[in-house]
Amino acid sequence: GMALTSALHACQQLGLGHDAIRYLNKMKALTKPNRQQQQQQQQQPPYSTKRKPLHRPDDVAYRLAISACARASHWQQGLRLLNEMQSVTGQAPNVVAYTSAIAGCATAGEYRKAIDLMEEMQSEECGSLKPNVVTYS
């Protein structure tokens with residue numbers, strides 16, 4: 001999980017949208033831990049700084065992949081990830097995820113879709129998210 005997150009971060013930095021989707025799909029294929037692995041995780045002290053292993057993509061992985069797609073002008077794939085994020089991670093997209101998707105639309109010249117996304121994120125249905133300085137830029 002950690003290596004895949006690092007790979008996603010590199011994809012985000014380099015604007016490798018297709019590779020980011022590939023790594024995200026690898027994360028989706030991860031299986032849940034078996035009983036022995038679960039017991040080992042529970043035996044770690046509560047103050048441990050060791051990260052728990054990922055068994056599916058988390059919200060950070062999705063934000064990185066959306067941003068990688070935006071940088072690669074793969075705005076449609078970014079929107080697909082934005083739309084599936086909550087069902088896979090259990091976390092609704094936040095301002096960072098929306099801002100990345102908006103940037104991808106703007107980069108591709110899809111200004112109407114970017115405006116629609118900005119309105120969507122501010123709706124009550126999406127938790128009335130407030131755009132930040134980066135969202136407006």
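Trainee: Where does Ser128 lie?
Mentor: Ser128 lies in the loop between α7 and α8, the latter being residues 133–136. Keep in mind that this is a predicted model.

Trainee: What phi does Ser128 have?
Mentor: A positive one, about 50°, although Ser128 is not a glycine. Most residues other than glycine have a negative phi.

Trainee: And how exposed is Ser128?
Mentor: Its relative accessible area is 32%, so Ser128 counts as partly exposed.

Trainee: OK, which phi does Ser73 have?
Mentor: Ser73 is not a glycine either, and its phi is positive at about 60°. Ser73 is placed in the loop between α4 and α5. With 36% relative accessibility, this serine is partly exposed.

Trainee: Let's back up. How many helices and strands are in the chain?
Mentor: The chain has eight helices and zero strands. Along the sequence, the pattern reads α-α-α-α-α-α-α-α.

Trainee: How much of the chain counts as buried?
Mentor: Of its 137 residues, 39% are buried.

Trainee: What about contacts between residues at least 6 apart in sequence?
Mentor: Of those contacts, 58% join residues that are at least 24 apart.

Trainee: Which residues of the largest nonpolar core touch the most other members?
Mentor: Leu8, Leu24, Leu81, Leu82, Tyr98 and Leu117 do, in a core of 31 residues. At least two core residues come from each of α1 (2–14), α2 (17–28), α4 (59–71), α5 (75–89), α6 (95–107) and α7 (111–121). The largest share, seven residues, is supplied by α4.

Trainee: Take Leu117. What does Leu117 touch?
Mentor: Leaving out residues up to four places away in sequence, Leu117 touches Leu79, Leu82, Tyr98, Ala101, Ile102 and Cys105.

Trainee: Ile115, then. In which helix is Ile115 found?
Mentor: Ile115 is in helix α7. With a relative accessible area of 40%, Ile115 is partly exposed. The C-alpha atoms of Ile115 and Ile102 are separated by 7.8 Å, and the two residues are 13 apart along the chain.

Trainee: Back to α5. How many residues does α5 have, and how far does α5 reach?
Mentor: It has 15 residues, and from first C-alpha to last it reaches 21 Å, close to the 21 Å expected at 1.5 Å a residue.

Trainee: Where does α5 bend?
Mentor: At Asn83, by about 35°.

Trainee: Which residues of α5 are buried?
Mentor: Trp75, Gly78, Leu79, Leu81, Leu82, Glu84, Met85 and Thr89 are the buried ones. In general, residues three or four places apart in an α-helix point the same way, because there are 3.6 residues a turn.

Trainee: What do the buried residues of α5 pack against?
Mentor: They pack against α2, α4, α6 and α7.

Trainee: What comes just after α5?
Mentor: Gly90, which takes a positive phi of about 80°.

Key:
Residues are numbered from 1 along each chain as its sequence is written. This is a predicted model: local features need pLDDT of at least 70, side-chain atom pairs count only at pLDDT 80 or more; totals for chains, interfaces and linings use all residues. Side-chain values use heavy atoms; hydrogens and water are left out. A nonpolar core is a set of buried Ala, Val, Leu, Ile, Met, Phe, Trp, Tyr and Cys residues joined through side-chain atoms within 4.5 Å. Buried means under 20% relative accessible area, exposed over 50%, partly exposed in between (1.4 Å probe, protein chains only). Helices (H or I, at least four residues) and strands (E, at least two) are DSSP runs, numbered from the N terminus. Contact means heavy atoms within 4.5 Å. The expected span of a helix is 1.5 Å times one less than its number of residues. The bend at a residue is the angle between axes fitted to the seven residues ending there and the seven starting there.
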